Each structure stands twice: as C-alpha cells, then as structure tokens.
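Student: I'd like to go through this one with you piece by piece. Can we look at it together before I start asking things?

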Amino acid sequence: MITVHHLNNSRSQRILWLLEELGQDYEIKQYQRDAKTNLAPDSLKAIHPLGKSPVITDNGTTVAESGAIVEYLVRKYGRDKLMPPEDSPDFISYLHWLHYAEGSAMLPLMLALYTSRLGDAAAPLRPRIESEIQNHFGYMESALGTRNFFVGDHLTGADIQVTFVLEAAKSRGLLAHFRGLNGYLSRMQSREAYKRGIERGGKYDLG
C-alpha cells in the first residue's frame, strides 16, 4: 500500500491527484502546518530527514521530492499512462516540463513570498523578481499556446507538476494577465480525479 504523507496546503496535494488519475489505491497520513510559523511539523522528519512534504512510502521504499515521486509512480503504476514513450519525440519535452516546474518556475514565486515579509528592505530585489515572474509565466503561456496540455494531446505527469505552480501564482494574483494559463488551470481543476484528490486531502488553500 502506498502512503502519502500529506501536509495541508502543500505540494503533496498534487500527489493525491496523480494517484487518483492512476486509479491506484493509497492511504493518507495527515500532517498540519504550525499555526504560527506555517512550517511542517517535526513529525515529518521521522519519515524523511528534511521534514518536507510530499513524501511517500511504498512497501518499505521512501521517496521524497515532487518530481521524483511523480516519476516513480508513473513509471511503476502508470501502465503506459501519464507519460509519453521514451522513444517518442515528446519524451524530452515531458522531462523538461516535469522538472522545470520546481527547478525554475517556482523560484521567483518563492522569492516573492519570502521578500514580501521584509517590507522596504526587499525593495532592491523586487524589480528583478517581478521581471523573472513575467519571464517564466510568459514562457509558459507561449509554450502552451492553444493546446490543452503541455506535452502531447493528453494529460501527463508534467501537467500535474505545472498545475501546482499556476495555483501558487494565482493565489498571489500573478495570473491575471495570462489568459491561456488561466484557462488551462481551470481545465485541470475541473478533472474528476483532481476533485477526488481534493476531497480526500481536505481543505486546500494556498493563499
């Protein structure tokens, strides 16, 4: 049995969605953020030394990091779903978007979040952060174009990765000028598997 160590309002929600898309049985162990610091509880460190979410355990194997978890689950349980064949022209694009989401796209969002707590002290950094946000989201908007998915003509693990980034951006009011990304996000959130993941995971609010 797969166990998802699920922290409220976190990246682990995307793993619940993924497992619902795969039709895979799993159980959830819930963790709550500290009411004052908003950090994960120390009990997560018993599962993985970093004490971060998402983490899964699967028959004695522990896997951390969103991209690694998505790759592990899709390869082990995907049954040819949610990733293109490795000899397909789409495979490199799949790898790119799968890892771009956390490797590049989330960085300016996290910087914006942390510097927002510094007041005027962060003023010298804000123009560069805002420029990078426009750069990355403009890139995603252009790459998506009029397509329904980021890779090929059906949902892949890359879409599940990217969707969290867009949710985080929208929660901070940063998607207002990206019509294509807004439409894409609405389509992802309307999927039945996405809704089932929300129902099982509990309240989900990145704001």
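**Pocket, core and strands**

Tutor: Let me begin with the largest pocket, which has a volume of about 1,200 Å³; please keep in mind throughout that this is a predicted model.

Student: Okay, which residues are closest to the centre of that pocket?

Tutor: The lining comprises 42 residues, and those closest to the centre of the largest pocket are Arg11, Arg33, Met110, Leu113 and Tyr114.

Student: And how does the lining divide into nonpolar, polar and charged?

Tutor: The lining of the largest pocket divides into 18 nonpolar, 14 polar and 10 charged residues.

Student: Which helix gives the most to it?

Tutor: Helix 3 does, with 8 residues of the lining, while helix 2, helix 3 and helix 5 are each the source of at least two.

Student: Switching to the core, then: how many residues are in the largest nonpolar one, and which have the most contacts inside it?

Tutor: The largest nonpolar core has 54 residues, and the ones with the most contacts inside it are Leu73, Phe137, Met140, Phe150, Leu166 and Leu181. Among the elements that give two or more residues to this core are strand 1 (2-7), helix 1 (12-22), helix 3 (91-115) and helix 7 (192-201), and the largest share, 10 residues, comes from helix 3.

Student: What does Leu181 touch?

Tutor: If residues up to four places away in sequence are not counted, Leu181 touches Phe137, Met140, Glu141, Leu144, Phe150, Leu166 and Leu175.

Student: What is Thr115 in contact with?

Tutor: Leaving aside neighbours within four places in sequence, Thr115 is in contact with Ala122, Leu125, Arg126 and Ile129.

Student: Now the strands. How many bridges join strand 1 to strand 3?

Tutor: There are 4 bridges between strand 1 and strand 3 (residues 55-58), and the two run antiparallel; as one example of the pairing, His5 has Val55 in strand 3 as its bridge partner.

Student: And what about strand 3 with strand 4?

Tutor: Strand 3 also pairs with strand 4 (residues 61-64) in the antiparallel sense, over 4 bridges, with Thr62 in strand 4 as the bridge partner of Thr57.

Student: How many residues lie between strand 3 and strand 4?

Tutor: The two strands form a hairpin with 2 residues between them, and Asn59 in the turn has a positive phi of about 50°.

Conventions:
Residues are numbered from 1 along each chain as its sequence is written. This is a predicted model: local features need pLDDT of at least 70, side-chain atom pairs count only at pLDDT 80 or more; totals for chains, interfaces and linings use all residues. Side-chain values use heavy atoms; hydrogens and water are left out. A nonpolar core is a set of buried Ala, Val, Leu, Ile, Met, Phe, Trp, Tyr and Cys residues joined through side-chain atoms within 4.5 Å. Buried means under 20% relative accessible area, exposed over 50%, partly exposed in between (1.4 Å probe, protein chains only). Contact means heavy atoms within 4.5 Å. Two strands pair if DSSP finds at least two bridges between them. On a 1 Å grid over the protein atoms alone, a cavity is a set of points where a 1.4 Å probe fits but cannot get out, and a pocket is an open set with protein on both sides within 12 Å along at least five of seven lines; lining residues have an atom within 4 Å of a point. Grid points are joined across faces, edges and corners, and a volume is the space filled by probe spheres set on the points. Ala, Val, Leu, Ile, Met, Phe, Trp, Tyr, Cys and Pro count as nonpolar, Asp, Glu, Lys and Arg as charged, and the others, Gly among them, as polar.
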